[in-house]
Amino acid sequence: MSLVCKLQTIPSNMKLAFSAVLLWVGAITTAQSKPHGHHHRKHKYQSPLGIPLPGPAFKISQKIHQTAHIPFVPHTAPQPFASWLGQQLDFTYVKPIFDALNATDKTLITRGESHITVITPPEFDGALHLANVTIDEINAIALKNHIQAAQFKIVCLGQEHILLDKEEYRVFSVLIDAPDLRKIREDVFRLFASKGGNTGLFDPHAFWPHITVGFNQRDLFIQDNIYKGYNACWRPIVEMH
């Protein structure tokens, strides 16, 4: 006999009790099938390395990518560590992040401008210049590759900090992925190699592109044992129209 037929032979008051038991068992089964606590909760934001990033997210305008109309700025000077290559950006779209950070940390300093460094001063002075690669040649490669129209992807807001002489140094940067700029570095590397440069001194892929937002004392660099890559992701960033 089917369960339906058996139920039809049971008195009405017993049917109600039996139905209540079934509902109770179903509720327990459903509750047991759901994850418990935060251990099973997927974080809304994660870094590319799978590290949870606490929200809320900082916001940045999508207009940050509109760089093609911004003039290229050459950085060349005879003194040491004064020649370098960068893509110029509009600080207008970085300042809101600086203001949000500075609202809680009144010690932050900004340069009042924004750029993405492509060739650093130590790379130029310590490697490229030694093979007679000139900053003018590097600038020519950058312009040939339309550096000001180079596209990049915003990844997260990074925080880098370190103790130096018992003082804390903190830097906040927008961390990005920039294949177009990496290609420029590869072209510079090929010129460097063609001039007999020691290729062990310059790796075009040793590149951690970022936009410095602000710092409390001074900027930090790889010479300080600081890497501004995905490892430094601290908070999420979302792009707004």
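Helices and strands are taken here as DSSP runs, with helices of at least four residues and strands of at least two, numbered from the N terminus. On this basis, the predicted model contains six helices and eight strands. From the N terminus on, these elements follow the order α-α-β-β-α-β-α-α-β-β-α-β-β-β. Of the 241 residues of the protein, 39% count as buried. Among contacts between residues at least 6 apart in sequence, 73% join residues at least 24 apart.

Helix α5 spans residues 135-144, and its buried residues are Ile 135, Ile 138, Asn 139, Ile 141 and Ala 142. Viewed down the axis of α5, the buried residues fall within an arc of 160 degrees, so they line one face of the helix. An α-helix has 3.6 residues a turn, so residues three or four places apart point the same way. On the other side of α5, Asp 136 and Lys 144 are exposed. The cover over the buried residues of α5 includes strands β2 (85-89) and β3 (114-119), together with helices α4 (121-128) and α6 (179-194). After α5 comes His 146, which has a positive phi near 55 degrees.

Strand β2, one of the elements that cover α5, is itself mostly covered, five of its five residues being buried. In a regular strand the side chains alternate between the two faces of the sheet. In β2, Leu 85, Gln 87 and Leu 89 point one way, whereas Gly 86 and Gln 88 point the other way, and all are buried. The pairing of β2 with β3 is antiparallel and extends over five bridges. Within this pairing, Gln 88 has His 115 of β3 as its bridge partner.

The side chain of Glu 123 makes a polar contact with the side chain of Arg 185 at 2.8 Å. When neighbours within four places in sequence are left aside, the contacts of Glu 123 are Val 118, Leu 128, Arg 185, Phe 202 and Ala 206.

Asp 125 likewise lies in α4. Asp 125 is buried yet has no salt bridge, and the nearest side chain of opposite charge, that of Arg 185, is 13 Å away. The side chain of Asp 125 instead reaches the backbone nitrogen of Phe 81 at 2.7 Å. Apart from residues up to four places away in sequence, Asp 125 touches Pro 80, Phe 81 and Leu 130.

Residues up to four places away in sequence not being counted, Ala 127 touches Pro 122, Phe 192, Leu 201 and Phe 202. Phe 202 is also among the contacts of Glu 123. The C-alpha atoms of Ala 127 and Gly 197 are separated by 7.6 Å, although these residues stand 70 residues apart along the chain.

Most residues other than glycine have a negative phi, and most peptide bonds are trans. Asn 132, in the loop between α4 and α5, has a positive phi near 65 degrees. Asn 132 is exposed, with a relative accessible area of 57%. Asn 225 is placed in the loop between β6 (210-215) and β7 (233-235). The phi of Asn 225 is positive, at about 65 degrees, although the residue is not a glycine. Asn 225 is exposed, with a relative accessible area of 64%; both asparagines are classed as exposed because their values, 57% for Asn 132 and 64% for Asn 225, are over 50%. A cis peptide bond joins Gly 55 and Pro 56, with omega at about 0 degrees. Pro 56 is found in the loop between α2 (12-33) and β1 (58-61).

Definitions and conventions
Residues numbered from 1 in each chain as written. Predicted model: local features only at pLDDT ≥ 70, side-chain atom pairs only at ≥ 80, totals over all residues. Heavy atoms only, no water. Buried < 20%, exposed > 50% of the residue type's maximum accessible area, 1.4 Å probe, protein only. Arc of directions from axis to C-beta. Contact = heavy atoms within 4.5 Å. Lys, Arg positive; Asp, Glu negative; His and termini not counted. Salt bridge = Lys/Arg side-chain N within 4 Å of Asp/Glu carboxyl O. Polar contact = N/O pair within 3.5 Å; in protein donor to acceptor, adjacent residues only side chain to side chain. Pairing = 2+ DSSP bridges.
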